[in-house]
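Please read the following note beside the sequence and the model.

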Amino acid sequence: MLSAVAKAYVVIAVVVSAFTLAYLNPLNLVSGGGGDHFGGTLLVTTVIGALAFAVVTSLRPVVDTDLEPPTPADAPPPSLRPVDSPYPATGASAFPLLAAVGLTLVGVAAATGAPAFYLAVAVLLLAGAGWLSQAFSEHPLVTARLSDRVSRRTISPFTYPVLAVLLGAVVALSISRVYLTLTETAAIVVSAMVATILFLGCLVLASGRNVSHRLTAGLAGMALVSVVGAGAASAARGERTIEYHGEAAITEQDVRAEGIQFDKTELVLTEGKIRFTFENEDPKGTYHNIGIYSEKEGGEPFVAILPIDGGGAKSTLIDTGVVGLEAGTSYWFRCDFHPGMVGTVQVHQAPPEEEHGSGSESSEKKSEKKPEKKVEKH
Amino acid sequence: MTMTEARPAEGATSSSPATPPSPVGQAVVDSADHKVLGLVLIGASLLLFLVLRAVGSALGAEMISAGGQVVGDNSRRFYSLYETGIILLWVAPVWMGLATHLLPLQIGSSRLAFPRVQALAVWTHLAGAALFLAGHVIDPPPGIGLTGREPFQAPLGGINDGTNLILAAFLLLGLATLLAAGNLLTTALTLRTEGMSLGRMPLFTWGVVAGAAGSLLATPVFLASSLLLYLDLHFGGSNLFADSRGADLVWQKGLWLYGRPEALLLLVPALGAACDIVATAVRRPLSAPPPPPVPHGLKAKLPPLPGLVTPLAGHVLAVGALFAAATFSLLAWVQDRQTIDAVILPTATIPTALFAAAAGVLVLLWLTTLREGSVRPTLALGFTAAAILVAAAAGLNALVAGLAGVEGSELGQGMIELVTVGVPTLLAFGALHHWAKKLFGAPLSGPAGALALLSSLGGTLAIGIGQSIAGYAGVEAHAREAHGDARVGFAIAQVGHVLLLLAGILIALDVARVMAARRGGDTAPADLTDGVTLEWAAPSPPPPENFTELPEVRSAAPLADLAAAKAAGPAGAGRSASKSASKSASKSARKKG
Amino acid sequence: MTVAAPLALPPAAQVLERTRSRNAAVVATALYGLAALALTAALIGAYTAFRSGVSPWPPAGVKKENYFGTLLLAASGMLMLTAEWMVWAVIHDIRRQTAQASGLAAFLLLAMLNGVLFTIDEADFGAATHAYGAIFYAFMVVAVLTQLAALAAVVVGLARTAGRQISPTEPQLARVVAIVLQVAALTWVMVWGALYAGSR
């Protein structure tokens with residue numbers, strides 16, 4: 001049985017159907033042909049939607065569909081009455097905001113690339129899990145005791161191990177940044193100092209003296225902040241020149257083109273020998289190449305891999321030196337056939353013997369647009 | 001093994017059900033209170049209105065300067081930001097914010113159906129707005145946004161970061177609209193207070209219901225088209241902009257702002273609000289015109305057709321008109337390629353003209369109601385009258401342009417400013433004044449409001465007429481410079497931009513003043529003579545649970561019924577009060593049993 | 001091992017409020033589900049719009065096999081039946097069958113996800129290669145999103161059933177889960193109709 005509102009939706013469905021038929025003109029009753037199918041599909045969807053609304057607004061006891069419930073003739077005049085037991089309002093929750101942050105990161109990932117997308121997924125999963133668990137815990141059947149039991153069995157066992165791993169990772173990463181910046185002598189001095197401090201700390205703890213928790217926590221916090229701060233400062237300063245002994249290893253760099261884009265938006269190269277392996281996964285007939293230039297558009301060329309056809313073809317380039325590229329300067333790599341395929345190039349410092357060698361070569365090879373490189377096709 | 005747990009004593013805390021914490025004192029960022037969320041959205045929309053009007057003023061100054069001196073090479077960026085933003089970041093969210101705040105109050109509910117989903121919708125909308133703005137600031141977009149008749153040319157070098165952000169913003173804004181529409185519609189369908197059947201809902205709520213139902217069908221089309229656009233452009237393609245009919249259709253029906261139903265659908269809640277403003281001004285429901293005179297002999301033979309033979313309730317007619325308007329706006333999809341070449345938008349199709357007819361029925365109802373009742377003049381009524389004037393000007397303009405066979409498409413932009421932007425803007429300002437006590441806790445300033453009314457009316461008319469003059473002079477839309485009569489037209493339009501900016505500043509400052517004064521936490525009791533619908537039974541501002549007492553709902557104007565009952569005599573009212581109290585008490589006892 | 005009645009009865013107002021909330025959840029899910037199907041319908045409309053203007057369609061190089069698509073169609077049908085079985089089991093308070101139906105639904109969804117991802121992997125064109133590519137990937141994105149939402153709904157439903165928050169006296173949330181499952185299944189049916197049946 002349809003409610004009055006549902007009947008109104010049915011009328012709407014009939015009106016829209018009439019317009020749809022007139023628009024599509026299936027029997028060619030109106031000269032000029034029929035309308036497009038996109039519009040027709042949308043109109044048919046509207047008809048179905050109106051009918052669906054009619055069904056929804058007729059569901060009982062979900063929706064009160066009485067248009068005018070009769071007022072008894074002997075009913076007293078209307079009056080103000082207190083609201084019957086105000087319902088507790090929905091509790092505060094930061095998870096909708098967190099979910100919106102996650103969605104924002106998805107949008108930002110559209111411009112910046114994959115790392116932001118993975119972060120967005122993590123944030124959205126966290127928001128979703130938190131939101132659902134909060135809604136679950138607000139059910140009247142969930143008592144404080146049950147919440148505590150669930151928390152002790154499912155969340156607590158993981159809390160400390162996860163925090164410990166995260167803390168360890170942060171400390172290790174920070175210390176590694178510091179050691180990558182310091183020279184050999186400085187690294188020895190710093191290691192000795194850290195070892196001494198650790199030894200003294202353990203000595204105090206092992207002596208059995210009463211050390212206040214606040215003092216311990218404060219010192220540990222200061223130490224953590226110092227280590228992380230030093231690591232951040234070192235990372236900002238950059239790595240020291242790493243001395244190589246013997247011949248420098250060949251750096252491998254793989255790049256793939258698929259779907260009219262490269263699989264990387266940034267190349268990290270080291271001055272010295274490098275082996276590019278470039279693969280074209282687009283269909284046959286779609287040519288790609290890689291060229292390293294000084295600008296995003298135009299600019300001076302430095303390295304070029306010859307164009308290859310699609311269908312899984314590979315091209316390997318062995319360069320005797322990354323010609324003319326200077327550490328700390330921005331470069332771009334791009335496909336000369338498709339202007340949308342671009343990315344950035346970062347170059348790290350080369351070992352001293354390689355620096356000298358590549359410097360003398362750069363002046364000869366810089367002027368060449370198509371470098372005379374050994375190109376091997378597999 | 002059987003494990004039973006003893007039922008604890010009343011009031012025991014260790015095993016008592018976990019109740020959600022009180023919403024009093026919630027910070028804005030984690031609030032689930034619909035009133036807080038509505039204010040956040042209204043406040044953000046007002047700020048963005050000021051930004052967008054400033055951008056529009058810069059564009060106007062560009063047209064009257066000696067070409068290319070104000071915005072220079074950024075004209076594409078400014079056009080995209082202004083024309084797309086004024087709909088997506090002002091008109092849509094301000095009405096979404098008003099609906100979020102007021103709909104539960106109007107139906108006598110303590111909250112929305114899903115408060116946290118609404119919070120997600122609000123924050124997602126703000127995130128989309130931020131990405132939209134950031135995208136325009138970072139890089140120039142490839143075209144003039146979603147308001148160009150033709151799809152914008154896919155850039156040769158692939159899209160820049162800014163365009164990626166703008167495309168992502170479209171998806172977020174569409175998602176927010178969808179979430180809010182479903183939530184508001186569900187609230188209206190399921191959380192009405194006792195006695196409030198669907199037929200007794202206030203007309204603003206009906207407008208929101210009709211608009212939300214339409215949005216649930218129209219917004220997915222926008223989302224689908226935005227997804228296609230994103231997938232194509234982000235990966236370096238240009239297939240959606242190739243010279244093909246398919247590409248044209250996807251653009252025209254799925255993305256082009258003036259070819260989509262939303263161009264007119266956003267007017268439906270605004271028309272509903274105007275209905276409530278008029279009803280409040282006369283303190284009774286809307287009146288319908290009397291049925292036409294039918295000869296007595298014929299009348300006896302006809303069935304009792306409402307509206308023809310028997311009087312039709314104005315409320316019912318208004319609901320029908322609102323739904324008709326929403327339906328006809330959805331029929332924007334019937335327009336074909338030829339239509340987007342038409343000069344006058346959005347009145348270029350039969351369904352759009354039918355929308356105007358439905359709106360005309362509502363205007364007729366308002367005028368009939370105002371003529372028959374004793375009117376309490378308010379600023380909100382003034383803004384409604386201004387909206388009617390602007391709509392009439394647009395209709396006259398369309399008639400003149402049609403007879404004159406105008407060719408310049410700037411005329412279409414003028415019509416957009418009048419109908420799609422101007423009318424809902426004026427009604428939004430009117431709604432802010434009308435419901436100020438419930439929104440902000442205290443009425444807005446009368447003198448500032450009057451100044452804002454004159455400024456916004458003058459500004460809207462100036463922009464519409466100015467751009468129309470340029471259209472009559474043969475100027476194409478989004479031109480870079482103008483000469484002669486067209487330049488005069490753009491000068492008038494520029495005055496309009498400045499006046500609207502001034503109106504926005506006045507409203508925004510007034511709202512800020514009232515909100516700052518409210519921080520004392522004072523709550524005024526409800527004044528039942530303020531209006532006829534349930535929101536006026538809440539204190540000002542409403543507490544977290546919205547109502548402490550409610551009148552019985554027996555019609556579409558429960559407070560008017562209450563006032564009539566009180567006027568009937570104190571003895572009758574006292575007897576009824578005690579009967580209601582005992583009826584309520586026995587009902588509670590039955591529920592607890 | 002059995003657990004007796006809940007620890008404390010909530011006040012009457014909260015019972016009424018919760019019932020209205022559950023009913024509202026059914027209505028809201030139905031409305032959002034309709035919106036999701038409208039989104040898929042819009043993509044179908046775009047597909048027909050391009051198909052009528054671009055020749056050949058599908059473009060050269062696009063494989064025309066429909067084996068996996070039809071397999072997923074069968075899985076969709078099974079998913080629809082499983083959803084209704086789950087609701088029936090909840091209403092009749094057969095917790096074992098509720099768990100079985102939920103488990104089967106989760107398994108079917110994982111299989112469908114795997115199938116869709118495999119279909120994406122096997123496509124030898126990109127989203128920007130041609131218009132067919134853009135629409136194809138849009139269809140797949142929508143299908144994946146609806147299937148992920150359905151999977152999340154099944155997990156939540158299972159958790160709530162285990163916590164007795166879905167019961168014969170409060171079966172509405174089971175209906176909510178069922179609606180999400182139906183939408184995911186219907187979405188693939190519509191995608192299949194456009195991509196596989198419609199392109200012959």
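1. Over all chains, a search of the whole structure finds 25 aromatic pairs. Rings of Phe, Tyr and Trp (its six-membered ring) pair if their centres lie within 6.5 Å; planes under 30 degrees apart are stacked, over 60 edge-to-face, and the rest tilted. The centres of B:F204 and B:W435 are 5.2 Å apart and their planes stand at 40 degrees, so this pair is tilted. It links distant parts of the chain, 231 residues apart: B:F204 belongs to helix α5 (residues 203-234) of chain B, and B:W435 to the loop between α14 (410-434) and α15 (436-439) of chain B. Helices (H or I, at least four residues) and strands (E, at least two) are DSSP runs, numbered from the N terminus.

2. This is a predicted model: local features need pLDDT of at least 70 and side-chain atom pairs pLDDT 80 or more, while totals for chains, interfaces and linings use all residues. Residues are numbered from 1 along each chain as written, chains are lettered from A and ligands numbered from 1 in the order written, and side-chain values use heavy atoms, without hydrogens and water.

3. Both B:F204 and B:W435 are buried, meaning under 20% relative accessible area (1.4 Å probe, protein chains only).

4. In strand β5 (residues 288-293) of chain A, six of six residues are buried. A:H288, A:I290 and A:I292 point one way, and A:N289, A:G291 and A:Y293 the other.

5. β5(A) pairs with strand β8 (residues 331-334) of chain A in the antiparallel sense over three bridges; pairing requires at least two DSSP bridges. Opposite A:Y293 stands A:W332 in β8(A).

Notes
Buried means under 20% relative accessible area, exposed over 50%, partly exposed in between (1.4 Å probe, protein chains only).
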